[in-house]
Amino acid sequence: MNIAVQFPSHRISAFKPVSRILVNIAAACVLVMAWSSLACAQGWQPSRKVEYLVPSGPGAALDLAAREMTQTLERKKMIDQPIIVSNRSGGAGTVAIQALLQHSGDGHWLSTFTTGMLNARAIGNVAASYEELTPIAVMLEESIVVAVRADSPIKNAKDLVDKLKAAPNSLSIGVATAIGNHIHAGIAKPLKVAGVDIAKLQMIPFKSSAESMTALLGGHLDLVAASTPNVITQMQAGRIRVIAVATAERLSGVLSSIPTWTEQGVPAVFSSVQGVLGPKGMTPEQIKYWEDAFRTVSETPEWKKFLAAQNWRPMFMGSAEMSRYLATEYTATKSLIDDLKLQSK
């Protein structure tokens with residue numbers, strides 16, 4: 001016997017808001033559980049705290065990006081374990097690299113990759129190289145700018161080029177974190193194209209661009225080469241003048257008024273990237289876990305907003321693509337290092 005049960009229409013309508021709430025809760029649960037389900041399916045996920053090493057001082061561009069990445073992982077509940085970020089500046093990234101080398105096969109250790117590590121390898125005076133580690137992902141492309149104090153007689157790229165062509169060592173130039181790194185290359189390449197003897201430049205290294213900017217403002221440097229986040233605040237305060245950016249086109253946002261080197265008669269373009277490295281000997285499951293984790297970070301609105309605020313460009317590469325990229329970029333980097341005459345004897 002079939003029994004039909006009927007509810008009054010006013011009771012049915014009363015259930016609708018509750019139903020919608022339940023549906024919304026279910027959808028939220030699906031989103032929250034999706035990442036953890038994926039991690040379980042991969043067969044590996046962190047089982048204790050994760051150590052993330054930053055090869056620069058606090059407050060520098062590398063530090064900003066690393067902390068935003070790891071905080072996004074935690075905010076989005078992509079990881080159940082705490083992530084400890086620590087700064088290991090020095091040796092063109094080798095301090096952080098050497099720390100990772102002590103944890104072979106341990107997926108609980110990570111560090112930032114920077115294009116400067118390509119330069120360090122090309123110079124050949126480092127005790128350890130990124131080659132000994134595991135590429136995980138490339139996360140962003142950054143741009144290198146050149147800045148002087150607001151009262152400097154150098155108003156533009158032409159003034160700078162004219163001064164350095166006449167006397168290549170006449171200006172002190174601050175870079176972070178090492179001679180021959182990507183920041184150094186970001187100013188050396190356009191100056192080379194302009195006809196300056198870049199091997200004679202007076203380059204002064206600092207532990208971070210925050211420190212080189214302080215030295216510039218204090219009158220201890222004539223100019224600074226740095227990535228974009230390090231100049232925005234001081235430029236907006238009117239304390240410095242940013243005279244050139246090494247991109248193919250002008251940047252957007254607060255730096256949209258800064259002309260490129262090409263616009264100023266020097267047809268040179270240079271960019272660098274930041275990414276993530278793991279120890280050597282990582283398992284395919286460990287690599288896949290972190291590759292997927294950072295890919296998810298790269299797709300979040302928060303990460304995209306963060307990049308835009310720094311005038312950085314989104315650029316994601318997984319582990320295999322990053323390996324190919326490093327091989328190609330090393331060849332070009334080696335050529336520039338040869339021109340700078342910085343090879344280790």
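Two cavities of 30 Å³ or more turn up in this predicted model. The largest cavity holds about 180 Å³ of space. Its lining takes in 19 residues, and those nearest the centre are Leu62, Ala176, Thr177, His182 and Ile183. Two elements, α2 (61-75) and α6, each give two or more residues to that lining.

Spanning residues 182-193, α6 packs with α11 (residues 319-340), and the two axes sit 11 Å apart at an angle of about 70 degrees. Angles of 65 to 115 degrees count as roughly perpendicular, so that is how α6 lies relative to α11. On the α6 side, the contact is made by His184, Ala185, Ala188, Lys189 and Lys192, while α11 brings in Leu336, Asp339 and Leu340. Taken together, the residues of this contact split into four nonpolar, three charged and one polar.

As for the chain as a whole, there are 11 helices and 10 strands to work with. The protein chain runs to 345 residues, and 51% of them count as buried. Looking at contacts with a separation of 6 or more, 79% are between residues 24 or more positions apart in the protein chain.

Technical notes:
Residues are numbered from 1 along each chain as its sequence is written. This is a predicted model: local features need pLDDT of at least 70, side-chain atom pairs count only at pLDDT 80 or more; totals for chains, interfaces and linings use all residues. Side-chain values use heavy atoms; hydrogens and water are left out. Axes are lines fitted to C-alpha atoms, for helices over the stretch in contact, and angles run from 0 to 180 degrees between N-to-C directions. Helices (H or I, at least four residues) and strands (E, at least two) are DSSP runs, numbered from the N terminus. Angles under 35 degrees count as roughly parallel, over 145 as roughly antiparallel, 65 to 115 as roughly perpendicular and the rest as oblique. Contact means heavy atoms within 4.5 Å. Ala, Val, Leu, Ile, Met, Phe, Trp, Tyr, Cys and Pro count as nonpolar, Asp, Glu, Lys and Arg as charged, and the others, Gly among them, as polar. On a 1 Å grid over the protein atoms alone, a cavity is a set of points where a 1.4 Å probe fits but cannot get out, and a pocket is an open set with protein on both sides within 12 Å along at least five of seven lines; lining residues have an atom within 4 Å of a point. Grid points are joined across faces, edges and corners, and a volume is the space filled by probe spheres set on the points. Buried means under 20% relative accessible area, exposed over 50%, partly exposed in between (1.4 Å probe, protein chains only).
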